[in-house]
Amino acid sequence: MDGAQALIRTLDDLGIEYVFGYSGGAALPIFDALETVDSKIKFVLARHEQGATHMADGYARATGKPAVVLVTSGPGAGNTITGIMTAQMDSIPMIVVCGQQVTWMLGLDAFQEADIFGITIPIVKHNYLVRETNAIPRIAREAYHIATTGRPGPVLIDIPKNISQSPFNGDLDAPMDLPGYHPDESYIIDPEPVEQAALLINLAKKPVILAGHGAMISGAENELMELATKMNSPVTSTLLGKGVFPEDHPLSLGMLGMHGTAYANKAMVECDLIVNIGSRFDDRIIGQADKFGAQAKIIHIDIDPSEMNKMIRPDIEVIGDAKAVLKALNSQVEERTNESWIESMDGYKKKYPLAYKKQGGLRMQQVLDEIYELTNGDAIVTTDVGQHQMWAAQFYKNSKSYKWISSGGAGTMGFGFPSAIGAQFACPDQTVIAVCGDGGFQMTLCELATAVIHKLPIKILVLNNHYLGMVRQWQELFFDNRESGVDLEGNPDFVKLAEAYGAKGINIKRPADVGKKLEEALAYNDGPVLINAECIKADNVFPMIPAGAALEDMLTEPPKYKMEKPVGST
Amino acid sequence: MAHTIKTTDKKPTPKADIIGGHTLSMYVTNQPGVLMRICQVFARRAYNIDSVVVSQGRDPAFSRLTLGISGDPAGLDQIIKQCNKLIDVIHCSEHTSSEAVVRELALIKVKLDSTEKRTELLQIVEHFGGKTVDLTEVSMVVRIEGASDKVDAAIRLLVNYDIIETVRTGKVVMARGEQPT
């Protein structure tokens with residue numbers, strides 16, 4: 001057995017189901033081991049390393065389990081950076097294995113040599129440059145452990161070719177050696193802040209629960225429901241928390257933040273208590289930090305101590321796994337009705353519903369609304385980044401965790417389609433819809449080949465407005481409508497493109513056709529189907545809180561005055 | 001003896017010679033790349049590392065790091081937490097001089113052009129409990145060791161002479177009493 005074979009055996013032993021990757025010289029021994037080692041691992045050849053990372057990401061977001069990315073050195077490793085950063089920003093477990101030049105050539109500018117260890121330090125949870133063949137199984141186990149426990153994240157293992165192809169004489173079950181890493185402590189909850197939190201909760205008359213991705217990662221859905229029901233508190237979720245609390249529940253306010261619902265943002269402005277469960281108070285949801293929650297007490301529950309006081313100074317900090325914290329908290333929470341508060345929220349829901357004009361051409365909102373109805377809100381939805389993403393978040397309500405897959409922190413265009421491939425591999429029996437913009441889709445469309453050869457029945461919804469719509473919206477609102485670098489003139493005929501790859505293509509041009517064309521796409525299961533929806537070119541997403549502005553400055557409709565350029569954030 | 005020393009403030013104190021701000025002590029795994037991870041935490045948050053001392057721990061699998069840093073105090077809490085989050089960091093904490101022993105050592109090379117100057121310099125060195133570690137007809141290297149403010153004070157006086165160069169080790173700290181650092 002060589003080092004590469006020891007690696008594959010360890011990954012198999014860890015339960016890794018999929019390796020997404022792209023081959024190359026420095027990774028040859030590892031690719032060979034995929035053939036020579038008898039394992040349950042399935043390898044998927046992407047068409048670009050970035051695509052491979054997003055596939056692993058989509059797989060993880062649909063299952064909670066990590067997949068492996070396997071690439072070669074230099075440019076192969078370099079192309080994974082956007083995908084690794086995306087995973088790191090959104091706390092997604094992932095193991096990235098890179099081939100590397102032989103150890104004696106490191107630092108000599110050898111062919112396809114890149115210091116990927118150094119390059120990725122700021123965008124990984126942890127990384128390794130393996131210098132000893134016998135250390136491979138231990139490092140692989142550590143990587144898996146680090147990626148999946150505590151606050152999850154990507155771990156990169158850089159393996160020089162001579163290390164992977166040298167004979168392995170070590171112990172396949174060598175124990176981990178991580179003296180500085182103690183994720184088990186996240187389950188030991190300090191009772192004092194929990195008691196204080198319960199006191200604040202029991203005093204609150206206008207509470208709001210803010211449910212984030214951390215609540216989902218910890219599997220706290222039941223505990224969250226129990227808390228919300230006991231408190232009779234409205235629940236809003238972050239973009240990544242969509243589904244952890246059912247969005248069709250009467251207590252749900254949907255998503256908050258820059259393009260969140262008006263009622264969720266109103267709740268944040270008017271409440272007297274914010275119970276943040278596993279959200280990192282991202283700048284997209286807090287707006288102007290010094291005005292956020294100024295009128296409210298704030299309880300912040302997070303597994304990561306560095307999130308405390310990072311953006312917002314809470315009144316009570318509870319550090320630990322969200323589920324463990326809620327288990328300790330719920331028994332101390334008294335049942336409340338908060339009738340007038342709930343009534344005022346219901347009033348806002350009636351006053352500011354999510355709506356769109358039915359006239360004047362095909363709107364993305366209509367397509368998303370109809371596909372939501374046709375799939376009963378039960379599909380796995382992935383998105384790119386931009387207007388379509390925000391409308392999808394608004395109109396595709398999620399009632400379950402792990403069904404909404406979107407690049408939040410990094411805001412990575414090109415994420416939607418390859419992440420759908422990963423999700424479809426993970427969940428072959430579920431409907432997977434990749435909601436893409438025409439801009440984002442073209443960044444990773446080469447993965448059509450991957451989807452076609454594996455006959456993945458992904459519904460690729462290209463919401464095509466021939467624009468980088470979100471940037472155009474900002475130029476319209478803040479830059480006197482001066483368009484710069486946003487016109488996607490030169491878009492291909494997406495239906496012909498799909499057909500060229502061997503996929504099915506469907507055009508939607510008229511609002512009246514949306515339902516039947518979507519039904520046709522949903523009924524097609526012999527492989528990927530691309531639906532090109534020709535939407536109106538210039539439409540704007542509302543509600544909107546201009547970047548860095550306070551939540552009370554939310555716009556629910558196009559402004560009638562010239563707006564200041566945002567300076568508080570990008 | 002101190003009264004014989006002339007002090008002038010003709011030459012401004014070179015800022016780079018004065019180490020201020022905060023002192024962090026870290027215990028980390030002894031592996032390549034660990035320092036890189038830590039430095040990135042500081043650089044990203046616009047903290048300047050004024051001094052860094054690294055040495056092997058009593059257990060050679062670990063290293064002890066002492067960092068003198070300066071930057072926006074509001075960001076320090078975040079930096080300590082981010083350092084503690086690194087897998088390779090066993091612990092990271094700040095030390096203030098009241099609860100810890102802080103020491104550093106400086107070597108200062110001064111130009112000599114007269115016997116009178118040499119006598120004065122030797123007086124200063126003696127006052128600060130320093131040592132002359134190299135002496136030629138035209139130059140002298142003195143060693144000053146102690147708390148950072150003492151080293152600062154010595155340098156402030158020596159600035160009146162012709163300093164050729166200064167090398168400081170940077171601070172090392174150890175918690176007082178039984179408390180581990």
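The centres of domain 1 and domain 2 of chain B, taken over C-alpha atoms, lie 27 Å apart in this predicted model, for which local features need pLDDT of at least 70, side-chain atom pairs count only at pLDDT 80 or more, and totals for chains, interfaces and linings use all residues. Residues are numbered from 1 along each chain as its sequence is written, chains are lettered from A and ligands numbered from 1 in the order in which they are written, and side-chain values use heavy atoms, with hydrogens and water left out.

Within chain B, the assignment places residues 17–100 in domain 1 and residues 101–175 in domain 2; such bounds come from an automatic or database domain assignment. In contact here (heavy atoms within 4.5 Å) are 16 residues of domain 1 of chain B and 15 residues of domain 2 of chain B. The size of an interface is often given as the accessible area lost when the parts come together. For these two domains of chain B the buried area (accessible area, 1.4 Å probe, that two parts lose on being put together, summed over both) is about 1,200 Å², with carbon and sulfur atoms giving 62%. On the domain 1 side of chain B, strands S1 (22–29), S2 (48–56) and S3 (62–70) are the elements that give two or more residues; strands (E, at least two residues) and helices (H or I, at least four) are DSSP runs, numbered from the N terminus. That side is made up of five nonpolar, nine polar and two charged residues, where Ala, Val, Leu, Ile, Met, Phe, Trp, Tyr, Cys and Pro count as nonpolar, Asp, Glu, Lys and Arg as charged, and the others, Gly among them, as polar.

Asp304(A) and Lys85(B) meet in a salt bridge through their side chains, at 2.6 Å from N to O.

Chain A itself is divided into domain 1 (3–176), domain 2 (185–351) and domain 3 (364–542). The centres of domain 1 and domain 3 of chain A, over C-alpha atoms, are separated by 30 Å, and their contact takes 23 residues from domain 1 and 27 residues from domain 3 of chain A. Between them, these two domains of chain A bury about 1,800 Å², 69% of it on carbon and sulfur atoms. In domain 1 of chain A, Arg47(A), Met55(A) and Arg61(A) lose the most area to domain 3, together 30% of what that side buries. The count of salt bridges between domain 1 and domain 3 of chain A is zero.

How values were computed. A salt bridge is a side-chain nitrogen of Lys or Arg within 4 Å of a carboxyl oxygen of Asp or Glu.
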